[in-house]
Amino acid sequence: MVRHEAATTPRHTTGPRNIAEPRHTAGATPTSDDHNTLLAWAVFGERTVPGVWFERYWFKRHEAAYAAFAPFTTGAVVVEAGCGEGYGAAMLARSASQVVAVDADADVVEHVRRAYPATTPVRADLQRLPFADATAEVVANLQVIEHLNDQEAFLAECARVLRPAGTLVLTTPNRLTFSPGLDAPANPYHTRELAPDELVSLLEEHFVVTRLWGVWHAPRLRAWERRNGAIVDAQLARPYPQWSAALAERVRRTAIDDFALHPDTADTPITACLDLAVVAYRRP
């Protein structure tokens, strides 16, 4: 059950605010090694990254969710569990009190340390977060839970590190549209994708869901698709050097406002959305 509430911000608590000492890095200019790393991550489909034109559709689709979650992280101590390349942690750090960017990959953590000095990168297993109980005000987990083998244990760990009534913000692909009719996820890096009811059920042991949104294409992308067909299918149909000129141009021009988050309505049924986006608070 989704318990809709009027509050638009997390219920932040008082007390010590730093959960990890920031390690500031002089000079945040990415190096050529950073660019080569990003290109490799993009080509092999392992991570969504900025600055690579053929990844721009996915990058902006993910950025749109980070932007929507900003009101829930403003002024908060945030743990991003599974920060990936780090661009999302950097977005949250613009208004959060502190953002601890956690990833299990040593190369990722070193990249985040160099590229995003406003964050505090930490290498750790997401199912064994290296923080004391009740120390974070917000846990962010965007496009990560579908990669994990033990999703239940991960959510229990998120609940453990959150303060009382702390906030979880989470996105994941909608299984019903991302891997329709398949017995296994279409993306080889995904272990288990979730339908809307499956996600809510998974969360209910430790969290009360207050918002369940779907990520949708906004008018410009919908208009392009009426003329050219589904943009995701077109990108997946062939390698990017073989894309049509129309597709390449549309991907290059993709912006955050080409996506919109909507609640479950007759016009925007949650079962038909691209990604699922959740705001929930930790059960007492």
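**A tour of the sheet and its helices**

Begin by selecting helix α4, residues 106-115, which lies across β2 (98-103) and β3 and runs at about 170 degrees to β3. The model on display is a predicted one.

Next, display the strands together. Eight of them form an open sheet with mixed pairing, in the order β3-β2-β1-β4-β5-β8-β6-β7. At the edges are β3 (120-123) and β7 (259-263), each of which pairs on one side only. Neighbouring strands in this sheet are turned by 20 degrees against each other on average, with direction ignored.

Now select strand β4, residues 136-142. Seven of its seven residues are buried, so β4 is largely enclosed by the rest of the structure. Two of its pairings can be inspected in turn:

- Strand β1 (residues 77-81) runs parallel to β4 and is joined to β4 by three bridges. Select Val78 and look across to Val138, its bridge partner in β4.
- Strand β5 (residues 162-173) also pairs with β4 in the parallel sense, over six bridges. Here Val139 stands opposite Leu168 of β5.

From β4, follow the chain through helix α5 (residues 151-161) into β5; this β-α-β crossover is right-handed. Keep α5 selected and show its side chains. Which residues of α5 are buried? They are Gln151, Phe154, Leu155, Glu157, Cys158, Ala159 and Val161.

Select His217 to find its bridge partner in β7, Phe259.

Finish with a pair of helices, α8 (residues 219-228) and α10 (residues 245-252). Two packed helices are described by the angle between their axes and the distance between the axes. The axes of α8 and α10 come within 12 Å and cross at roughly 175 degrees. Because angles over 145 degrees count as roughly antiparallel, α8 is roughly antiparallel to α10. Select Arg220, Leu221, Trp224 and Asn228 on α8, then Ala246, Leu247 and Arg250 on α10, to display the residues that make the contact. Coloured by class, this contact of α8 with α10 has four nonpolar, one polar and two charged residues.

Key. Residues are numbered from 1 along each chain as its sequence is written. This is a predicted model: local features need pLDDT of at least 70, side-chain atom pairs count only at pLDDT 80 or more; totals for chains, interfaces and linings use all residues. Side-chain values use heavy atoms; hydrogens and water are left out. Axes are lines fitted to C-alpha atoms, for helices over the stretch in contact, and angles run from 0 to 180 degrees between N-to-C directions. Helices (H or I, at least four residues) and strands (E, at least two) are DSSP runs, numbered from the N terminus. Angles under 35 degrees count as roughly parallel, over 145 as roughly antiparallel, 65 to 115 as roughly perpendicular and the rest as oblique. Contact means heavy atoms within 4.5 Å. Ala, Val, Leu, Ile, Met, Phe, Trp, Tyr, Cys and Pro count as nonpolar, Asp, Glu, Lys and Arg as charged, and the others, Gly among them, as polar. Buried means under 20% relative accessible area, exposed over 50%, partly exposed in between (1.4 Å probe, protein chains only). Two strands pair if DSSP finds at least two bridges between them. A crossover is right-handed if, with the strands pointing away from the viewer, the path from the first strand over the helix to the second runs clockwise.
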